[in-house]
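Below are a few friendly notes to read alongside the coordinates.

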Amino acid sequence: MKTVDKMEVIHSQSAEFIQQGETGKFLKLIPDTFVIKGEKENGVFNQGYAIRHLNRRDMLLIDVVEKSTKDAVKKLVEEGYNIKGILITCDAVLKSAYADLKTISEDAGGAPIFAHPRNNFKDDFKTKDITGKDKSLDSFDINIFDLPGNEGASVVVYTEINDGMLFPGEDAVGSDYDSELNTFIRPEKKNENNDFGLAESWAAFDTPFSFLFPRKGKPGFNLEEGEQIDILNKLGKS
């Protein structure tokens with residue numbers, strides 16, 4: 001008898017699929033890569049992501065902390081998935097968190113939480129340094145880029161899986177889902193020095209990627225070299 005994947009997902013690579021997808025459910029975008037939508041805030045929903053290891057048991061979560069995602073994460077644990085870590089790309093992510101970090105970790109089967117060492121969390125839970133070397137991250141071919149975020153310390157998560165996937169957190173914002181555009185800009189400027197530093201970092205970024213999955217806005221799928229250059233030029237424009 002044919003076995004069915006434990007995660008009830010639909011495979012699609014379109015903005016329309018994400019926009020119409022159910023909130024709080026893991027939706028398959030490309031092989032072993034999933035998006036999960038949070039509740040809308042000011043008409044925009046946040047996006048968290050999950051990467052599944054080739055062993056089909058281990059998972060990494062990226063910015064999955066909202067109340068609407070809680071049950072889906074617990075379901076992963078109940079179905080036998082081993083969550084190797086929850087990656088937090090910047091402080092702003094935790095503004096949408098449903099609980100303290102200890103509770104979020106426990107709900108994910110005791111998964112460690114990785115964050116920037118210069119974070120400003122008002123939480124005494126001991127996080128792991130996302131910028132340091134870690135065997136769990138290495139097993140997913142993860143590289144971390146330390147960027148000066150719009151509100152302080154932040155990182156961009158990169159993995160070699162699927163010919164290069166980039167998870168910029170809030171350091172790059174995709175076009176609105178109701179727009180015909182599909183491009184990326186830096187977040188709204190809140191600190192001129194941070195914005196200038198972020199622009200410089202993007203201008204210097206030279207790691208190839210085929211997919212760009214932001215926390216807000218449309219993702220970029222199957223990006224050719226010219227499209228990557230255009231995106232980085234726009235993100236790096238002062």
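1. Where is Asp171 found? This is a predicted model, and in it Asp171 sits in the loop that runs between strand S10 (165-167) and strand S11 (173-174). Although placed in a loop, Asp171 counts as buried because its relative accessibility is 3%, and the cut-off for buried is under 20%.

2. The side chain of Asp171 has a partner worth a look on your screen: a polar contact of 2.8 Å joins it to the side chain of Ser154. For a sense of distance, Asp171 and Asn233 are separated by 62 residues in sequence and by 14 Å in space, C-alpha to C-alpha.

3. Please also have a look at Asp195, which belongs to helix H5 (residues 192-204). With a relative accessibility of 9%, Asp195 counts as buried too. Setting aside neighbours within four places in sequence, Asp195 is in contact with Arg186, Pro187 and Lys189.

4. Now for the chain as a whole, which holds six helices and 13 strands. Its radius of gyration is 17 Å, which agrees with the value near 18 Å that a compact globule of 238 residues would have. The C-alpha trace spans about 55 × 40 × 35 Å along its principal axes.

5. Of the 238 residues, 52% are buried. Among contacts with a separation of 6 or more, 56% are between residues 24 or more positions apart.

6. Last, the surface and the charges. Carbon and sulfur atoms account for 46% of an accessible surface of about 11900 Å². The chain carries 30 positive and 41 negative side chains, and the centres of these two sets are 4 Å apart.

Key
Residues numbered from 1 in each chain as written. Predicted model: local features only at pLDDT ≥ 70, side-chain atom pairs only at ≥ 80, totals over all residues. Heavy atoms only, no water. Helix = DSSP H or I, 4+ residues; strand = E, 2+ residues; numbered from the N terminus. Buried < 20%, exposed > 50% of the residue type's maximum accessible area, 1.4 Å probe, protein only. Polar contact = N/O pair within 3.5 Å; in protein donor to acceptor, adjacent residues only side chain to side chain. Contact = heavy atoms within 4.5 Å. Rg over C-alpha atoms; globule rule 2.2 N^0.38 Å. Areas by Shrake-Rupley, 256 points an atom, 1.4 Å probe, with all protein chains shown as cover. Lys, Arg positive; Asp, Glu negative; His and termini not counted. Charge placed at Lys NZ, Arg CZ, Asp CG, Glu CD.
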